[in-house]
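Colleague: I've got the model open and a list of "how do you know" questions. Mind if I go through them with you?

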Amino acid sequence: MTTLFEPAIHLQQVSFSANDKNILKLITGSFPKGKITTLVGPSGAGKTTLLKMFNGLLSPTEGIILIDNQPITTYEPTTLRKHVGIALQAAPMINGTVFDNLALPLVLQGKQLAQQDALRYLLDVGLDESFLHRTINKLSGGQRQKVSIARTLINQSSILLLDEITSALDRQSAQDIETLIVKLNKKYDVTIIWITHNLQQALTIGHYTWVMMGGELIETGESSLLKAPSNPRVAEFVQGVNS
């Protein structure tokens, strides 16, 4: 991948081991600020492990991670997680209303969320005022994901991590989320790192793509690399997924 950009996240020789198993192996690379980078590869490649390091859920066994050119170890955990938001496939929620869930990040900081601010973030993700006091258990999977993404926006995170957030959704709901993420990227200039098993999604949504296999970074570049990978292992992987 070209280095003619400002990195939001930079990794230098990052490895991670657990239970005597090497999960990530000497990964070096950068994620461009303000762009969407998709992260693809077979199951067990280490993609989710890598993502969890970026907001401090895991720490590397060795190597250096820089967030906005600052060592991740220098961030206080709550500051880091405000700066680097994450949305997961399961879109975990607390019992209560949509407003309760949107307010949670500020409640944890001893602050309150104004109702007009909550509504603004809901509108950002394509949900209207009627959802504000709707209970979470009455939402569809796609609506839950939209609330989950809106909740990350409450913290005004400059980096947003997405882990398979559309894999359990029907095609229309998935397309709605894709459109939403592209809109948020453009509107707020937020850096997006998105794990997906859908190579067509990675190709059409991502500006850049990382391909990981067996805990290693195999190939990076503009997402068009998925049309004609230069690495034989990546070419075989893409062909296998598309066949």
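Modeller: Go ahead, and keep in mind that this is a predicted model. Let's start with Leu-162, which touches Leu-51, Ala-87, Ile-181, Ile-192, Ile-193, Trp-194 and Ile-195, leaving out residues up to four places away in sequence.

Colleague: What makes those residues count as touching Leu-162?

Modeller: Contact means heavy atoms within 4.5 Å, and the residues I listed for Leu-162 pass that test. Leu-162 is also among the residues with the most contacts inside the largest nonpolar core, along with Leu-102, Leu-113, Ile-149, Ile-181 and Ile-192. That core has 36 residues. The elements giving it two or more residues are α3 (98-107), α4, α5, β7, α6 and β8. Another core, of 26 residues, lies apart from it, and Ile-9, Phe-31, Leu-51 and Ile-195 are among its members.

Colleague: How do you know which residues of α3 are buried?

Modeller: Buried means under 20% relative accessible area. In α3, Val-98, Phe-99, Asn-101, Leu-102, Ala-103, Pro-105 and Leu-106 are buried. That is seven of its ten residues, so the helix is mostly covered. The cover over those buried residues includes α4 and α5.

Colleague: Why is Thr-97 called a cap of α3?

Modeller: A side-chain oxygen of Thr-97 lies 3.4 Å from the backbone nitrogen of Phe-99, at the N-terminal end of the helix. A polar contact needs N or O atoms within 3.5 Å, so the pair qualifies.

Colleague: While we're on α6, how do you know its length agrees with what its residues should span?

Modeller: Helix α6 covers residues 171-188, which is 18 residues. At 1.5 Å a residue it should span 26 Å, and its end C-alpha atoms are 26 Å apart, so the two agree.

Colleague: And what makes you say that its buried residues line one face?

Modeller: Looking down the axis of α6, the buried residues fall within an arc of 160°, so they line one face of the helix. They are Ser-173, Ala-174, Ile-177, Glu-178, Leu-180, Ile-181, Leu-184 and Asn-185. The face turned away from that buried side carries the exposed residues Thr-179, Lys-186 and Lys-187. Among the elements covering the buried residues are β3 (36-40), α5 (141-154), β8 (191-195) and α7 (199-205). Just after the helix, Asp-189 takes a positive phi of about 60°.

Colleague: What makes Thr-49 count as buried?

Modeller: Its relative accessible area is 15%, under the 20% cut-off, so Thr-49 is buried. Thr-49 belongs to helix α1 (residues 47-53). Leaving out residues up to four places away in sequence, Thr-49 touches Phe-16, Ile-23, Leu-24 and Leu-58.

Colleague: Now the sheet. Why do β4 and β5 count as paired?

Modeller: Pairing needs at least two bridges, and β4 and β5 have two, in the antiparallel sense, so they pair. In one of the bridges, Leu-66 partners Pro-71 of β5. The two strands form a hairpin with two residues between them, and Asp-68 in the turn has a positive phi of about 50°.

Colleague: How many bridges join β1 to β4?

Modeller: Five bridges join β1 (residues 7-18) to β4 (residues 62-67), and the strands run antiparallel. Ser-15 has Glu-62 of β4 as its bridge partner.

Colleague: Last one: what makes β2 and β5 the edge strands?

Modeller: The four strands form an open sheet in the order β2-β1-β4-β5, with antiparallel pairing. β2 (21-32) and β5 (70-71) each pair on one side only.

Notes: Residues are numbered from 1 along each chain as its sequence is written. This is a predicted model: local features need pLDDT of at least 70, side-chain atom pairs count only at pLDDT 80 or more; totals for chains, interfaces and linings use all residues. Side-chain values use heavy atoms; hydrogens and water are left out. The expected span of a helix is 1.5 Å times one less than its number of residues. Buried means under 20% relative accessible area, exposed over 50%, partly exposed in between (1.4 Å probe, protein chains only). The arc is that of the directions from the helix axis to the C-beta atoms. A nonpolar core is a set of buried Ala, Val, Leu, Ile, Met, Phe, Trp, Tyr and Cys residues joined through side-chain atoms within 4.5 Å. A polar contact is a pair of N or O atoms within 3.5 Å; within protein, one must be able to donate a hydrogen and the other to accept it, and residues adjacent in sequence count only if both atoms are side-chain atoms.
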